[in-house]
Amino acid sequence: MKISLHEIRSDYDGFSILNNLATQTGECFLDDVEIDMQYTTWMDANMCAPLGAILYRVGRDLNTVKVTNIPNNVKVILAKNGFLCNYGWTRREDTYGSTIEYKRFEPKDDRYFAEYIEKHLIGKGIPAMSSGLLKKFRESIYEIFSNAVIHSQTKQGIFSCGQYYYRNHRLDFSVADLGLGIRRNILEQRGINLTAEQAINWAMEGKNTTKAGPIPGGLGLKLLREFIIKNEGRIQIVSDNGYWELSEGKVKTMAFSEPFPGTVVNIEINTADTKSYRLVSEISPDDIF
C-alpha cells in the first residue's frame with residue numbers, strides 16, 4: 001500500500017489528512033505500507049505526535065512502514081526532532097535548540113514525561129511566570145499525560161512532540177494517544193451520550209470530570225485554558241471525529257468525516273507575549289490569576 005501525504009499543518013485540514021491516513025491503514029496486516037511525502041511541502045513538527053501514533057499502530061499490526069520522498073525542508077525538521085530515526089534516517093543536530101524531541105512513552109512513564117517537559121520547555125520563549133504559576137503550568141501539562149493514561153486506557157503508549165517557531169513567535173506542543181477517546185470515556189464512566197465535539201467541550205469545562213474519588217479532576221486544564229486565553233495562544237483537541245479549538249478567546253467545534261483513533265491535544269503558546277504572569281493566590285487567595 002502506498003499513501004501520499006500533502007501539507008500537514010496544525011489545523012482542521014492537517015488533522016483531516018491524518019484521520020484519513022488512520023482510516024486507510026486501519027485494516028492493514030502483514031502489508032508493506034509506504035508513506036510517500038513528495039507532496040508534503042510543509043509539516044508542522046508537533047504533528048509528528050499524532051502521525052507517529054498512527055504509524056506505530058500500523059507497525060504493531062505486523063506491517064512494514066517506510067517513509068519516502070521527503071522534501072529536504074521537511075526532512076531537516078523531522079531528522080532534528082528524532083521522528084525519522086524510527087524509519088532508518090540519521091538524527092541531525094538541533095543547532096538552535098528549537099525542537100521538542102519526538103518521544104513515545106509507556107503509560108507508566110509519568111516520571112520520565114515530567115523530566116522531558118522540564119528539559120524541553122525551558123528557553124523556548126514561554127512568557128515570564130512566577131515560580132508558583134510555573135509549577136502549576138507544568139502540572140497542567142502533566143495532567144494531559146495523566147488523562148491519556150487514565151481516561152484513554154491506552155496500551156500502546158503516549159506520543160509527544162513539539163517545536164519552537166521563533167520566527168513566527170509560537171511554541172507548539174502536542175500529546176497523542178491511541179485510547180478510547182473522550183466521547184466513549186464519558187459515555188462509559190458517566191452515562192452521558194454526546195457527540196465527539198460536545199464531549200470535548202464537556203471535558204474542557206473545569207467542573208466536569210470522569211475521575212472517581214475525592215481528588216477533583218480537570219483543574220489543570222482549567223488553568224491552562226485561562227492562561228492560553230490571556231496569552232492569546234491556542235488549544236486544539238481532536239478525539240474520535242470531533243475537533244475543538246480555543247483561539248482568540250473563542251471556542252469553535254467541527255466534526256471530521258473520519259475519526260482519529262484516540263485523542264490529540266495541542267497547546268500553542270504565543271511567545272511574542274511580553275506580559276509577566278503570576279497566580280493571584282500569590283497576592284490574594286481569591287482567584288487563580
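Arginine 234 and glutamate 268 form a salt bridge, with the closest N and O atoms 3.0 Å apart. A salt bridge here is a side-chain nitrogen of Lys or Arg within 4 Å of a carboxyl oxygen of Asp or Glu. Arginine 234 lies in strand E7 and glutamate 268 in strand E8, so the pair ties together parts that are 34 residues apart in sequence. Arginine 234 and glutamate 268 are both buried. Buried means under 20% relative accessible area, exposed over 50%, and partly exposed in between (1.4 Å probe, protein chains only). Helices (H or I, at least four residues) and strands (E, at least two) are DSSP runs, numbered from the N terminus.

The model is predicted: local features need pLDDT of at least 70, side-chain atom pairs count only at pLDDT 80 or more, and totals for chains, interfaces and linings use all residues. Residues are numbered from 1 along each chain as its sequence is written, and side-chain values use heavy atoms, with hydrogens and water left out.

Glutamate 268 also takes part in a salt bridge with arginine 170 (3.2 Å, N to O). This pair links distant parts of the chain: arginine 170 sits in strand E6 (residues 170-177) and glutamate 268 in strand E8, 98 residues apart. Both of these side chains belong to buried residues.

By the salt-bridge rule, the count comes to 18. One of them pairs aspartate 36 with lysine 2, at 3.6 Å from N to O. Aspartate 36 belongs to strand E2 and lysine 2 to strand E1 (residues 2-4), and the pair links distant parts of the chain, 34 residues apart. Aspartate 36 counts as buried, because its relative accessibility is 0%. Lysine 2 is exposed, because its relative accessible area is 52%.

Helix packing was examined for H6 and H7. The axes of H6 and H7 come within 8 Å and cross at roughly 70°. Axes are lines fitted to C-alpha atoms, for helices over the stretch in contact, and angles run from 0 to 180 degrees between N-to-C directions. H6 and H7 are therefore roughly perpendicular to each other. Angles of 65 to 115 degrees count as roughly perpendicular, under 35 as roughly parallel, over 145 as roughly antiparallel, and the rest as oblique. Ile182, Arg183, Ile186 and Arg190 of H6 make the contact with Ala196, Ala199, Ile200, Trp202 and Ala203 of H7. Contact means heavy atoms within 4.5 Å. By class, the contact has 7 nonpolar, no polar and 2 charged residues. Ala, Val, Leu, Ile, Met, Phe, Trp, Tyr, Cys and Pro count as nonpolar, Asp, Glu, Lys and Arg as charged, and the others, Gly among them, as polar.

Within H7 (residues 196-203), the buried residues are Ala196, Glu197, Ala199, Ile200 and Trp202. These buried residues pack against helix H6 (182-190), strand E7 (234-247) and strand E8 (250-270).

Backbone angles were also considered. Most residues other than glycine have a negative phi. Leucine 30 has a positive phi, near 55°. Leucine 30 is placed in the loop between helix H1 (12-25) and strand E2 (32-36). With a relative accessible area of 61%, leucine 30 is exposed. Asparagine 69 also has a positive phi, near 55°. The loop between strand E3 (64-68) and helix H3 (72-80) holds asparagine 69. Asparagine 69 counts as partly exposed, because its relative accessibility is 45%.
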